[in-house]
Amino acid sequence: MALNLLKLCVGATSIEDLQSWLDSRMAQKRAQGLAEEHIHTTRMVPKRTDELLAGGSLYWVIKGNIQVRERLIDIRPFTDKEGIRRCDLVMDGKLVATQWQPRRAFQGWRYLKPDDAPEDLAAGGGIAELPPRLRNELAELGLL
């Protein structure tokens, strides 16, 4: 089974908000003639790269809940201008809504075992079809 990563999605308030940001970023890259890849740069480089790239995903925590994932397609370590090792996590850019799973805030990323990862939501129904504001209110009440 593939290993996954877990990361806080700072700034996004919903899956739709993340999708909007992602669409905007891809349009900017397209206009600049750059490859349309969703890249998230992080300081720490995962050591279990082979397991992550064997079908793993990056699960995003939005507003205190795992809500969505993106499949990892590459991990590119590099050294920045200041000599600090960093890593580009490259995702496929396709957001897949998941069952909500509460998570406390943390720094950086964490490994997420397949058994601990929330299941994908079925397309065409369920929580994913609710308006973002209603989903957030239900989650705050502990009903999701």
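**A loop residue and its setting**

Reply: Ile 84 has a relative accessible area of 28% and is therefore partly exposed, a class that lies between buried (under 20% relative accessible area) and exposed (over 50%), as calculated with a 1.4 Å probe on protein chains only. The model is predicted, so that local features need pLDDT of at least 70 and side-chain atom pairs count only at pLDDT 80 or more, while totals for chains, interfaces and linings use all residues. Numbering starts from 1 along each chain as its sequence is written, and side-chain values use heavy atoms, with hydrogens and water left out.

Ile 84 sits in the loop between strand 4 (65-79) and strand 5 (85-91), where helices (H or I, at least four residues) and strands (E, at least two) are DSSP runs numbered from the N terminus. Leaving aside residues up to four places away in sequence, Ile 84 touches Arg 43, Phe 78 and Thr 79, contact meaning heavy atoms within 4.5 Å. With Arg 43 the sequence separation is 41 residues, yet the C-alpha atoms of the pair are 8.0 Å apart in space.

The protein as a whole has three helices and seven strands, which follow one another along the sequence as β-α-β-α-β-β-β-β-β-α. Of the contacts between residues at least 6 apart in sequence, 65% join residues at least 24 apart, and 39% of the 144 residues are buried.

Another loop, the one between strand 3 and strand 4, holds Lys 63, whose phi is near 55°, a positive value in a residue other than glycine. Strand 3 (residues 57-62) includes Ser 57, which counts as buried because its relative accessibility is 2%. The side chain of Ser 57 makes a polar contact with the side chain of Arg 69 at 2.8 Å; the term covers a pair of N or O atoms within 3.5 Å, of which, within protein, one must be able to donate a hydrogen and the other to accept it, and residues adjacent in sequence count only if both atoms are side-chain atoms. Not counting residues up to four places away in sequence, Ser 57 also touches other residues, among them Leu 3, Asn 4 and Leu 5.

In helix 1, Arg 25 is partly exposed because its relative accessibility is 30%, and its side chain makes a polar contact with that of Gln 28 at 3.0 Å.

The largest pocket has a volume of about 160 Å³. On a 1 Å grid over the protein atoms alone, a pocket is an open set of points where a 1.4 Å probe fits, with protein on both sides within 12 Å along at least five of seven lines, and lining residues have an atom within 4 Å of a point; points are joined across faces, edges and corners, and the volume is the space filled by probe spheres set on them.
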